[in-house]
Structures are given as C-alpha cells and as structure tokens.
Amino acid sequence: MHDGHSRPLFSFSPSPAASAASRGRGPARLAAAVTALSAILLTAGCGSSGTTADSPEAGASAAKGFPVTIDNCGVRTTYAKPPSRAVTIHQHPAELMLSLGLKDRMAGTSYPDSAVLPALREDFASIPQLSKQAPSFEKVLDTDPDFVYGGYASAFAEKEGRSRKAFEDAGIDTYLNRENCAGKKGVTMQDTYTEIRTIGKIFGVSDRASALVSELRTRVDKASEAVKDARDVSVFVYDSGDKSAFTAGGKGLGNELIKLAGGKNVFSDLDDVFGDVSWEQVVDRKPDVIAIYDYAGTSVAQKKKFLLSQPALADVPAIKNKRFVVLPLTDTLVGVRSADAVGDLARGLHPDSFK
C-alpha cells in the first residue's frame, strides 16, 4: 500500500523483479526531465557547486525579506530566517527542494517511492536517507533539524508520534504539501506553482522559485496548446484494486492533468481526490484510455494483465484497443513533476498531435 492514500492491493504479491521494473519505468520522460531541470538549475544559479546556504554570502542574501509568515494547512509559522537543516518525508518534497538548489540545506530524506529524476540523482544520493518509509520522530530529531517538510498527511501522523504539534514542542517548524489541505475546492496546477513559490519564500530563494514556475508553466502550456483542437479523450485512472477500482476523482491534481492534456476523466464527478468505484461503472463509462499509476508494490505489468484478463471489461474501448498510459504516481502530485505528467498524457491521448 502506497503511503498517504488508502489503496486496496491485489491479493497477489509482486516479485522483486517486477517491483524493480515498475520503479524504473518512463525513461523518455525522465530523460526529458534531465534537460529541463538542469536548465532551471543553471538559469537560477542553483547548481550544487554554487554558494552554499552556510556561507556568509548566501546567509546575507537569503535573510533579506525576513521574517516571513506562512499559513499552511491550519498552521501559521513565522520564520525569522531561512531554515538551514531540513528533513523531507516522502520523495516529492525532496525533489522540489533539490530543484530549487537547496541540497546544502537538507539534513535528511525518507520514503523514496519512484526512480529519482536523473538531473537530481547525484544530489539526492548525497543526502542521508533516514528511512525507506516514514522515519520515527526520534530518528528525525537525531538529525538536529529546524524544518520538516511532509508530502502526505501521514508524514505528521499523530498516532506514530510525528504530529506537527510534537515537532513544534521540540522547536522544529513544519510544512505539509498543500495538496493535503485543498479541501473540497480541489487541486489544480496553480497549487503546484503556489507550492514552489511558498517553499522558495520560506528558504529565501524566491527568484529561483519564480524561474522554476516559469519553466514548468511553459512546458504545460506547450503540451496543452498542441492538443487544443483535438477532441477530448475519455480517461479512466487505474490506481489499484480488484473487487472494485481505486481511481482518481474530480478533486485531485490528476483530474486537472487529464484536462490539460486534452482528456476527460470519466470519474470527474467523484467528489474526492481518490475513491472506489465499481467495475460496472467503468464499463458503463466506456473509457478510451486507461491511465495506470505506477508506484512501489504491484507492477504495471501485473496491473495490465489483470485488466486485460477480466471478461467484464472486454468491450471497454481502452481494453479492446489496449490503450494505456503509464504515469509514475509521483508525477501526479503537487511538485516539480506535474509538467511531465501533462506532456506524457497529452502524447498518450493524442499521439498524432506530436508527429
């Protein structure tokens, strides 16, 4: 079960080889990200060989504009200065920070769930990994952090002793990815841009954040422009499940990504980020394409095999035509990968628009 959402799993367990294959998918997307993110790091002057956060020059420039007050998921925090020892829980916060050139302000990472973007692999590997899943409160404290950045609400699970209040009592500031507190208004690409700008503001690197947002926005607009005259293609998101299907509803970023890519989520009327639907509903809505979310656990190959083996789904257009688009789950979250998801989806839904 992937952390952060309740996802029913198949009754069978994937082999280690299948899991490894699942984690390594999407080479074309990852290769494209190398060029894009490398360009941002160079343009924004945030390569790992540049000024470090601990140097006098960096400290002097970063302190401008402080104190900064941030309201985040019901918690208000005032930063007298930029954090200098951050711990990230889940991968997408770590990749966002690295994309802003903040490697030297990271004291630890945890819970990697996808292959790291190629442009970030070296920096990511240089940061201590505290745990393969969510670290204990004590493990985080051992790094002497002044900031903890969580990707899912479970990063601050009270029952596991990692509540935001517990960190506050220990004198440590916290931030939770805004996707976890969007509420019924739903999540859009604007949340991605706002998340990047907010982290940039907290760390005193707003110029870098603005450059990254501009680059991502340009890529999203380019993909959307390429398919603007194409008809909407109906899409069913398959996350997991056998007795029922766990899918993306109308309130999550996944729904927005499909729209931007020239598609229509067949369960956009589901009033939640994720939810269970019956296979009868899937059949009735006749999706043209199935978007499979890829993450550690059940492999994409197993998910495809399951879908193609179900007699009840045989007449669904996506199954008849074997039209699948694979998206790493991390690409569909509020973070630096969402532009990749729009591009990959657009190409998968409208291949003729990219010839």
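Modeller: Start with an open sheet of four strands, ordered E10-E8-E12-E13, with parallel pairing. Strands pair if DSSP finds at least two bridges between them. Helices (H or I, at least four residues) and strands (E, at least two) are DSSP runs, numbered from the N terminus.

Biologist: Which are the edge strands?

Modeller: E10 and E13 (324–328), each pairing on one side only. The twist averages 35 degrees from one strand to the next. Axes are lines fitted to C-alpha atoms, for helices over the stretch in contact, and angles run from 0 to 180 degrees between N-to-C directions.

Biologist: How reliable is this?

Modeller: This is a predicted model: local features need pLDDT of at least 70, side-chain atom pairs count only at pLDDT 80 or more, and totals for chains, interfaces and linings use all residues. Residues are numbered from 1 along each chain as its sequence is written, and side-chain values use heavy atoms, leaving out hydrogens and water.

Biologist: How many bridges join E12 to E13?

Modeller: Five, and the two strands run parallel. Tyr293 stands opposite Leu327 in E13.

Biologist: Switching to H10. Where does it lie?

Modeller: Across E8, E10 and E12, at about 155 degrees to E10.

Biologist: Why is H10 largely enclosed?

Modeller: Because six of the eight residues of H10 (253–260) are buried, meaning under 20% relative accessible area with a 1.4 Å probe, protein chains only. Among them are Leu253, Leu257 and Ile258.

Biologist: What covers them?

Modeller: The cover includes helices H8 (189–202) and H14 (338–349), plus strands E8, E10 and E12. Contact means heavy atoms within 4.5 Å.

Conventions
Buried < 20%, exposed > 50% of the residue type's maximum accessible area, 1.4 Å probe, protein only.
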